[in-house]
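These are notes for a colleague who is opening this structure for the first time. Please read them with the model on screen.

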Amino acid sequence: MRGHPRRTTAALIAASAALLSGCSGLQAGSSDAQLTVSTTTAIIADLVEQVGGDRVDVTSIVPHHGDPHSYEPSPGDAAKVARADVVFSNGLLLEEPGIMKMVHTNAKKSAPKIEIAEKLEEHGGTVMKLEEDLGLDVLWLGWAVEGEVEGDGSQVRTSATKLEGPGELRVYLTDTLGKPKVYIDSADGLDDADSFTLPPEAHTHVNWAFSEPGTYRLTVEGQTETLDGRTADIGSGTFTFTVGDGTEAPEGATVLDGGHADVALNAESGKVYVRADEEASGEQTRLAAGDVVLNVPDRAKETVPKEEPYAFLGEAGDEVWVLPQAVIGKHVHGDMDPHAWADVANAEAYVRRIEAELIKADPEGKATYEKNAAAYLKTLGALDEEVAKKLATVPEENRKLITTHDAFGYLAKAYGMEIAGFVVPVPNQEPSAAEVEELGDTIREKKVPSVFLEPNLAARADVLRRVAEDEGVGICTIYGDSFDDKVDDYVSMMRHNASELAKCLGEDA
């Protein structure tokens, strides 16, 4: 059921006392602290505290209830980072880019900046590819940056410099509270404001809204930016969109009208192209900008919402052709799934990496760190067995997860579950009757007894909650990226998740 050996029942019994101590939470501010440590998330802060004990003073940038994918750091967060001797982040583009930019801008040059999951396999962990497939009936088009950029915290700026077409193009992102952030708006002419930045090897989701049917040609340029203000041009390209069913593509062009693809810039080669996912093989193909047409059919036609924040799209009720963002909220990520801690065996790898880095930063504390890490690894070993045993009670036909966030792939793979779907509404609009019906069909076809909502993502959950109630299935709680007032340490989080899954998907559910 997983790629690493299970522990024996004897090990579970031997470590039961350690499990209790693992739930003590953070003890930041110890007077005996030898190291000041800043972490990006509370989950990492808890793991650091378990290894560091009284020798470390730990603070987390993203607070309880926060979302590391979208949290915007405050001046107070920057001050904490500036005091830190070591900064731990998850890496694999889990954190919102602004968090990492703040870290690289404010942390002491002497402070190691450790992205734990980036070298997880060297410490006995496993990292797997992030799978994204919402089954949209139109093209799911994002933006991506490929290739490395020199300099910590460096980013790539993508700018729209020219648009030819019969109407206007707006590219925007809808946040978790339903508010739009506009990246490109051709209505007032394209200028320096029609741009945005991404870190290297990143991908993000956006909405593409066209005001009229016809053929559009959008020219974009790329530029690298370093923290000290240096810039360098990296290339440009022009992309063709055919909007509306009556608009024909140029002869010989490859037409993309479904699946997942990105407008991509390569920071190393300077090439600009479309990166498209191959559904059959799971591989990615790269098509030169001039050889591909991105199709926006009439089935993508919507009307401008009446809410004032969407007035930039036109008059309320006007027709607009939209390739949807699909996953609500700011969600910049890479090719690898960053939520590795959802497999307890990976949490053990986090601990080994943390132990090694704390010893490097504070050699005099070596004995303490080794002792604490050994004790906590026993705790996690017992927890791993406990989670596996609990989830083994779920009937095979019920081992399906429908959640509001694609954060549980590692949990599913490790403990024999299946990701049946991470279901969220298309941003900026109420779901249509057909979309609500399709969600209900998914719940019925998968025969799931319950769906799972994350406490820190309540704004995403309205549709899923409503349909679950209509279908008469359970609504349960699962923790992914964040703690809250009830669950505030890693052991408690994984115990809760295992118990909740077993209860809500069990024979009596």
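1. Helix H3, residues 42-52, is mostly covered, with 11 of its 11 residues buried. Buried means under 20% relative accessible area, with exposed over 50% and partly exposed in between (1.4 Å probe, protein chains only). Among the buried residues of H3 are Ala42, Ile43, Asp46, Glu49 and Gln50. Gly53 follows H3 and has a positive phi, near 55 degrees. Helices (H or I, at least four residues) and strands (E, at least two) are DSSP runs, numbered from the N terminus.

2. On the basis of these notes: the model is predicted, local features need pLDDT of at least 70, side-chain atom pairs count only at pLDDT 80 or more, and totals for chains, interfaces and linings use all residues. Residues are numbered from 1 along each chain as its sequence is written, and side-chain values use heavy atoms, with hydrogens and water left out.

3. The whole structure holds six cavities of 30 Å³ or more. A cavity is a set of points on a 1 Å grid over the protein atoms alone where a 1.4 Å probe fits but cannot get out; lining residues have an atom within 4 Å of a point. A volume is the space filled by probe spheres set on the points, which are joined across faces, edges and corners. The largest cavity has about 40 Å³ of space. Its lining includes Ala42 and Ile43, as well as His64, Asp481 and Phe483.

4. An open sheet is formed by five strands in the order S10-S5-S15-S16-S17, with mixed pairing. Two strands pair if DSSP finds at least two bridges between them. S10 (203-205) and S17 (284-288) are at the edges with a single partner strand each, so one side of each has no neighbour in the sheet. Strand S5 (residues 140-146) runs antiparallel to S10, and three bridges join them. Trp143 stands opposite Thr204 in S10.

5. Trp143 also belongs to a cluster linked by ring pairs, together with Tyr183, Phe196, Trp208, Phe210, Tyr216 and Phe241. Rings of Phe, Tyr and Trp (its six-membered ring) pair if their centres lie within 6.5 Å; planes under 30 degrees apart count as stacked, over 60 as edge-to-face and the rest as tilted. The count comes to nine aromatic pairs. Phe210 and Phe241 have ring centres 5.1 Å apart and planes at 50 degrees, so this pair is tilted. Phe210 is in strand S11 (residues 207-210) and Phe241 in strand S13 (residues 231-243), so the pair ties together parts 31 residues apart in sequence. Both Phe210 and Phe241 are buried.

How values were computed:
1 Å grid on protein atoms, 1.4 Å probe; cavity = no way out; pocket = protein on both sides within 12 Å on 5 of 7 lines; lining within 4 Å.
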